[in-house]
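This report is meant for a reader who is meeting the structure for the first time. It takes up a few single residues and the way two parts of the protein meet.

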Amino acid sequence: MISTRISELLAHDVGQLVLHGQTVHIVPENDDKAFDHVTTDSREVQESSIFVAIAGEHVDGHDFVADLPSSTLAVVDRAIEGAQCAQIIVQNTIKALGEIARLNISKRKALAARGLNEFTIIGITGSVGKTTTKDMLHAVLSRLAPTVAPQGSFNNDIGLPLTALKVNEKTRFFVAEMGASAVGEIEYLTTIAPPDISIVLKVGVAHLGGFGSVEAIRDAKSEIVRALSSSGVAVLNADDEYVRTMASMTKASSIIWFSRHSENEQPKPSVSGMVSSVILRGTDTIADSTNRPKFTVHLPDGTSFDLRLGMSGEHNVFNALAVLSVIYSLDIPEHIAASVLSQLATVSAHRMHIVPVNIDNKSFTLIDDSFNANPDSMHAGLTALSHYQADVPNTRRIAVLGSMLELGSSEDEKHRAIGAYAAQISDVVIAVGSQSDGTLMHLASCIAQGAQEEIDQTQHTAEVMVVNSPQEAQARVSQLAHEGHNTEKSNNTENTVVLLKGSHASGLSTLADIWLEHACVDANK
């Protein structure tokens, strides 16, 4: 964070100051202290910290203000008696956090405007792929200059401001992931971190229940390109019909499209004659035995090169093309990005992490993609399962699938469709529900129903089962791995491959953590 004084915070309409237990309107000179660190976790408070007290579901940060050292500043929604530190009282501490972050970014932009170190904000949104694209882009840009990007999926009204507050005088790039579960949320985030480059990956049906329609999701995602100025760059997925419509929604004078179609398969998307528009393509994708995709990149200048990703999953070709489009817009040599992407094997936790696991002398290969799930990412995860070790005879594939949430009135149908696809490519489909949550149990039953209907209508011979907890799923996988290990065809971890995929509420990421404690050498290396 760029050093900020109390007087600057108050001038930025953050709130009303309480010093020594008294409300003041003018900051005494000896109390106009500077701060260079912001946190919402009292355990992270250090000298010259601003502590923003947020009332969470289980813990209220206000409960810790009285114990803060006098050298800190607390942002609260009510005065805490007995506190030794200065307090700024606000109506909404989350909004105040956003205001402090906005001040930090505006100060960094002011430095750049004066010619003191360039600064570029790159915003990323989409129904799937945001975090992986963010991780890829961070890996590339941090090789070149100081780069700030969020941990995990810090992409909401708390996570993005906290990340923006890591920006300092030396930061060259800020990669800002922006998520939304309602219209207006991305628009708000762009007021904190106005993007110079905006990426839209895909408009899918995640959070469909909250938005009501795919068109509403499109409108929410489009807020990231509407925030661009005329000097901005929009990086858009030409293969998504909803993303294509965003070309007419931005003031950006430059659009870079990315596509997995060849020029003959898809015409160049049309835009206004006043807009510079080029397209970057990735074609001829093939995958190796660990499902790492290799493809040909066709740059807008007519040159091309082959790239094999270090990361597994054919769906990551789209994410890599988005990254390469940003690199192209920044006029960075593409070989730098290609080198990084070819070596980048893992990203944030629980996203296409592939490891051999040995637990209680039972072995299998785990594809951990358990961070969250929607129909698009679930389909991609299952496709990755089908491709992994595709050239190894007798490989057994087990899909351990949890529910997908916020899909609205079509949630049963979408779960049945995923179950049907799982039955097509898996030997065993384990649908994971919950003893205590009837909705999760019902949706697991829909997955199993779709799988069984697919089996009944085709020649597929998958085994389908419903379990009521991740622990029961663990026991079933352990039993299946034991059975496989004792067959003549199963003498190593390559013979049983297990995909973990489900919403956070399904608890599968907890199961992944247990298995990862028993991981062998990383299979991606």
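Asn 117 sits in the loop between α2 (93-113) and β9 (120-125), in what is a predicted model. The phi angle of Asn 117 is positive, at about 70°, although the residue is not a glycine. With a relative accessibility of 45%, Asn 117 counts as partly exposed, because that class lies between the 20% limit for buried and the 50% limit for exposed.

Asp 13, for its part, is found in the loop between α1 and β2 (16-19).

| Residue | Relative accessibility | Class |
|---|---|---|
| Ser 48 | 16% | buried |
| Asn 117 | 45% | partly exposed |
| Asp 13 | 67% | exposed |

**Domains and their interface**

The protein is divided into domain 1 (4-91), domain 2 (96-343) and domain 3 (353-517). The C-alpha centres of domain 1 and domain 2 are 35 Å apart. How many residues of each domain take part in the contact between domain 1 and domain 2? On the side of domain 1 there are 12 residues, and these are in contact with 10 residues of domain 2. The area that domain 1 and domain 2 bury between them comes to about 990 Å², and 77% of it is on carbon and sulfur atoms.

Polar links across this interface are also found. The rule finds one salt bridge between domain 1 and domain 2, and the side chains of Glu 8 and Lys 107 meet in a salt bridge with an N to O distance of 3.2 Å. Two residue pairs in polar contact are found across the interface as well, both at pLDDT 80 or more. On the side of domain 1 that touches domain 2, the elements that give two or more residues are α1 (6-11) and β6 (49-52). Sorted by class, that side of domain 1 has eight nonpolar, three polar and one charged residues.

Terms used. Residues are numbered from 1 along each chain as its sequence is written. Side-chain values use heavy atoms; hydrogens and water are left out. Domain bounds come from an automatic or database domain assignment. Contact means heavy atoms within 4.5 Å. Buried area is the accessible area (1.4 Å probe) that two parts lose on being put together, summed over both. A salt bridge is a side-chain nitrogen of Lys or Arg within 4 Å of a carboxyl oxygen of Asp or Glu. A polar contact is a pair of N or O atoms within 3.5 Å; within protein, one must be able to donate a hydrogen and the other to accept it, and residues adjacent in sequence count only if both atoms are side-chain atoms. Helices (H or I, at least four residues) and strands (E, at least two) are DSSP runs, numbered from the N terminus. Ala, Val, Leu, Ile, Met, Phe, Trp, Tyr, Cys and Pro count as nonpolar, Asp, Glu, Lys and Arg as charged, and the others, Gly among them, as polar. Buried means under 20% relative accessible area, exposed over 50%, partly exposed in between (1.4 Å probe, protein chains only).
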